[in-house]
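Let's sit down with the model and learn to read a few features together. Where would you like to start?

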Amino acid sequence: MFLEVTNIEKSYGEGGSFTRVLRGVSLSVEKGDMCVIQGASGSGKSTLLNGIGGLDIMDSGSIRVEGKEICGLTQEKLSDYRREKLGFVFQFYNLVPNLTVKENIQVCEYLSERPMNLAELLDTLKLTEHRDKFPFQLSGGQQQRCAIARALIKNPGLLLCDEPTGALDSRSSREILILLEEINRKYKTTMLIVTHNNAVKDMVDQVVFLKDGQIKGNYRNGKKIPAAELEDL
């Protein structure tokens, strides 16, 4: 199994402000699959994604990526893990405003020992004609394409997307979701996507529903995973 999350717990605050955000969350994702995490605001989706991404330290439990335990790593080792294994895509594009599309992507290209081919990636994301433009010259959808290209150029094994269509209109949102599906099919990149967009459910291999920090549903290829299998995750 490519990703294995086991009995993750995460809380914030103390006393009257104490809040349990994740309550024994367990799930697994196969290599090359697209997995969507859905749930209401405050259900723990982003906290779970941040834990897998090594951005938040979990209170207890285990997170293994390609058999390597993430929980308990030093900050230096977590930094290596993020650089070598992960690509991040967020709701807001976080592009460097005074760099062109090509230069924004190259910022992450230099971090990888085995980057993807830049020209091919620009073509795949339909950015070739925009390569020398600055972020302010792009639409929201084009900026998100650039952010995706920046995450992919490192050739990551796992792409983490936190509300990648949250700042886009419905048309641009659909285009980005279709693009992610095309990337998954072409590059076999394992993806974990947090989104409120219900249109994505028919495009992915697995859908996980979170409520109040617990998994309330887990579906692969449109079929609910039996309770007995959930217990084994």
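**Reading a helix and its neighbours**

Q: Which strands and helices do the buried residues of H6 pack against?

A: Bear in mind that this is a predicted model. The buried residues of H6 pack against strand S3 (34-38), helix H4 (118-124), helix H5 (140-152), strand S7 (158-162) and strand S8 (190-194).

Q: Which residues of H6 are buried?

A: With buried meaning under 20% relative accessible area, the residues are Ser172, Ser173, Ile176, Leu177, Leu179, Leu180, Ile183 and Asn184. They cover an arc of only 160° around the axis, so they lie on the same side of H6. On the other side of H6, Ser170, Arg171, Arg174 and Arg185 are exposed.

Q: How far does H6 reach from its first C-alpha to its last?

A: H6 spans residues 170-187, 18 residues in total, and reaches 26 Å, close to the 26 Å expected at 1.5 Å a residue.

Q: What is found at the start of H6, and what follows H6?

A: At the start, a side-chain oxygen of Asp169 comes to within 3.3 Å of the backbone nitrogen of Arg171. After H6 comes Lys188, with a positive phi near 60°.

Q: How many bridges join S3 to S9, and do they run parallel or antiparallel?

A: Four bridges join S3 to S9 (residues 206-211), and the two strands run parallel. Here Val36 stands opposite Val207 in S9.

Q: What do S9 and S10 form?

A: They form a hairpin with two residues between them, and Asp212 in the turn has a positive phi of about 50°. Six bridges join S9 to S10 (residues 214-220), which run antiparallel. Phe209 stands opposite Gly217 in S10.

Terms used:
Residues numbered from 1 in each chain as written. Predicted model: local features only at pLDDT ≥ 70, side-chain atom pairs only at ≥ 80, totals over all residues. Heavy atoms only, no water. Expected span 1.5 Å × (residues − 1). Buried < 20%, exposed > 50% of the residue type's maximum accessible area, 1.4 Å probe, protein only. Arc of directions from axis to C-beta. Contact = heavy atoms within 4.5 Å. Polar contact = N/O pair within 3.5 Å; in protein donor to acceptor, adjacent residues only side chain to side chain. Pairing = 2+ DSSP bridges.
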